[in-house]
Amino acid sequence: MSLPEIVSRGEWRAARAELLLKEKAATRARDALNAERRGLPMVEVDEEYVFEGGDGKATLLDLFEGRRQLVASYGSGFNRDFEVTLEREGELVERPGLSCFLRDRDRVFHTYTTYERGLDGLGSTTSLLDLTALGRQEEWEESKGRASAYGAPAGSERIRYHDEYED
């Protein structure tokens, strides 16, 4: 097995500082890409999809449970319509995928979809929020004016878990 070079602490710090400049540039580029993603046009979902869940059948609108944004699905014509289930050589193939939706009153909009390697960087709540139309809803994000009382920096006392909201 080939391991990284062994160096002094000073050489490591210098190499780390050089890498940090590249990491910060990548973060700024990712922020710009996320802002561009939030600016994508959206498409109204007219189809009445029905899903089977722990509480029985639910429509796509029902799945929001009063929230503004949604990321979720499996096992219906929904996946075919959003190109997660594909027909290859006469068989249906389910590929990894993720779609984002935005609710505006009683209307639902499809705002983003990614597949396969597009899922590689997803491992945290903020990485999922970065795919949505409203993003993290923090003041520093572009487009301006989308921050809300719910948007809060990571580790903030303003962050509440799903079971900490009043009904």
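User: What makes Glu116 buried, partly exposed or exposed?
Analyst: First, a caution: this is a predicted model. Glu116 has a relative accessible area of 37%. Buried means under 20% and exposed means over 50%, with partly exposed in between. Therefore Glu116 is partly exposed. Glu116 lies in the loop between strand E8 (107-115) and helix H4 (125-129).

User: How do you know whether Glu89 is buried or exposed?
Analyst: The relative accessibility of Glu89 is 84%. The cut-off for exposed is over 50%, so Glu89 counts as exposed. Glu89 is found in the loop between strand E5 (85-88) and strand E6 (91-94).

User: What is the phi of Glu89?
Analyst: Glu89 has a positive phi of about 55°, though not a glycine. Most residues other than glycine have a negative phi. Glu116 also has a positive phi, about 45°.

User: Why is the pair of Phe51 and Phe78 called edge-to-face?
Analyst: Their ring centres are 5.1 Å apart, and a pair needs centres within 6.5 Å. Their planes are at 75°, and over 60 degrees counts as edge-to-face. So the pair is edge-to-face. Phe51 sits in strand E2 and Phe78 in helix H3 (residues 77-81), 27 residues apart. Phe51 and Phe78 are both buried.

User: What about the rings of Phe82 and Phe101?
Analyst: The centres are 5.4 Å apart and the planes at 85°, so the pair of Phe82 and Phe101 is edge-to-face. Both Phe82 and Phe101 are buried. Ring pairs link Phe82 and Phe101 into a cluster with Tyr49, Phe51 and Phe78.

Conventions. Residues are numbered from 1 along each chain as its sequence is written. This is a predicted model: local features need pLDDT of at least 70, side-chain atom pairs count only at pLDDT 80 or more; totals for chains, interfaces and linings use all residues. Side-chain values use heavy atoms; hydrogens and water are left out. Helices (H or I, at least four residues) and strands (E, at least two) are DSSP runs, numbered from the N terminus. Buried means under 20% relative accessible area, exposed over 50%, partly exposed in between (1.4 Å probe, protein chains only). Rings of Phe, Tyr and Trp (its six-membered ring) pair if their centres lie within 6.5 Å; planes under 30 degrees apart count as stacked, over 60 as edge-to-face and the rest as tilted.
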